[in-house]
Amino acid sequence: MGSRTISAVKPPTIRELLDDPAYRRFMKQLPSPEPKAIGLPWFVYAQKGQLQWRGKGFVTYADAWPTFVKVVRNDAYVDVALVSKRVLYKMPPEIAHIMSWPFEWCPRCRRPTMYELFKRHHAMRGNIFASRAARCVFCAIKWDFAVTA
Ligand SMILES: [Zn+2]
């Protein structure tokens with residue numbers, strides 16, 4: 001068993017989101033501005049079981065895209081997030097209709113998410129000590145940082 005309780009309420013999965021033509025168009029565009037191609041500014045986090053996540057870093061969005069698509073098409077995975085580790089993106093108005101209560105926009109995952117308390121998180125190493133900050137369930141960005149982005 002994991003170190004957190006699993007909420008009954010869950011953000012829409014990436015497959016549900018991609019069923020929306022506007023969101024699909026948004027995801028297929030190169031995000032602007034693009035982060036500098038130094039280090040690994042893009043991460044794909046793929047969820048296999050309920051608490052079983054895998055992450056892989058990429059230099060560019062274009063590099064990450066084929067892995068993201070492969071996971072989206074693989075039914076063995078529950079969900080997947082294509083995460084910007086460096087640049088935070090505001091929600092463009094053309095996809096505002098994908099948002100619904102109680103979910104909030106994540107400026108790194110660029111999708112509706114929930115912010116919860118974690119002791120461990122697949123996007124972070126080790127235990128999260130001395131932190132009671134709510135974090136994005138996909139990428140672990142702190143809520144207070146995300147909402148002021
Ligand atoms: Zn996130």
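Against which element do the buried residues of α2 pack? They pack against α1 (14–18), a contact meaning that two C-beta atoms, placed from the backbone, lie within 7 Å.

## Basis of the description

This is a predicted model, in which local features need pLDDT of at least 70 and side-chain atom pairs count only at pLDDT 80 or more, while totals for chains, interfaces and linings use all residues. Residues are numbered from 1 along each chain as its sequence is written.

## Overall architecture

The protein comprises 4 helices and 7 strands; helices (H or I, at least four residues) and strands (E, at least two) are DSSP runs, numbered from the N terminus. From the N terminus on, the order of elements is α-α-β-β-α-β-β-β-β-β-α.

The C-alpha atoms fill a box of roughly 35 × 35 × 35 Å along the principal axes. A compact globule of 149 residues would have a radius of gyration near 15 Å, and the protein agrees with this at 15 Å; the radius is taken over C-alpha atoms, and the globule rule is 2.2 Å times the number of residues to the power 0.38. Of the 149 residues, 30% count as buried. A residue is buried if 20 or more other C-beta atoms lie within 10 Å of its own, exposed if 12 or fewer, and partly exposed in between, with C-beta atoms placed from the backbone. Among contacts with a separation of 6 or more, 54% are between residues 24 or more positions apart.

## Helix α2

Helix α2 spans residues 21–28, and Y23, F26 and M27 are buried in it. These residues lie on the same side of α2, because they cover an arc of only 95 degrees around the axis; the arc is that of the directions from the helix axis to the C-beta atoms. P21, R24, R25 and K28, on the other side of α2, are exposed. An α-helix has 3.6 residues a turn, so residues three or four places apart point the same way.

Three strands form an open sheet in the order β2-β1-β3, with antiparallel pairing; two strands pair if DSSP finds at least two bridges between them. The edge strands, β2 (53–58) and β3, each pair on one side only. Neighbouring strands of this sheet are turned by 15 degrees against each other on average, direction ignored. Helix α3 packs on the sheet, where it touches β1, β2 and β3, and its direction makes about 10 degrees with that of β1. Axes are lines fitted to C-alpha atoms, for helices over the stretch in contact, and angles run from 0 to 180 degrees between N-to-C directions.

Strands β1 and β2 form a hairpin with 5 residues between them, and 6 bridges join these antiparallel strands. The bridge partners in β2 include F58 for W42 and G55 for Y45.

## The nonpolar core

The largest nonpolar core has 26 residues, and V44, Y45 and C139 have the most contacts inside it. Such a core is a set of buried Ala, Val, Leu, Ile, Met, Phe, Trp, Tyr and Cys residues joined through C-beta atoms within 7 Å. Two or more residues each come from β1 (42–47), α3 (61–72), β3 (79–84) and β4 (104–106). The largest share, 5 residues, comes from β1. Leaving aside neighbours within four places in sequence, V44 is in contact with G55, K56, F58, A64, T67, F68, V71, V80 and L82.

Q47 also lies in strand β1, and Q47 is buried, with 20 other C-beta atoms within 10 Å. Beyond four places in sequence, the contacts of Q47 are Q52, W53, Y77, V78, D79 and V80.

## Backbone features in the loops

Most residues other than glycine have a negative phi, and most peptide bonds are trans. The peptide bond from S32 to P33 is cis, with omega near 0 degrees, and P33 is placed in the loop between α2 and β1. Another cis peptide bond joins W101 and P102, with omega about 5 degrees; P102 is in the loop between β3 and β4.

R110, although not a glycine, has a positive phi of about 55 degrees. R110 lies in the loop between β4 and β5 (111–113) and is buried, with 24 other C-beta atoms within 10 Å. A140 is likewise not a glycine and has a positive phi of about 75 degrees. The loop between β7 (135–136) and α4 (143–147) holds A140, which is partly exposed, with 19 other C-beta atoms within 10 Å.
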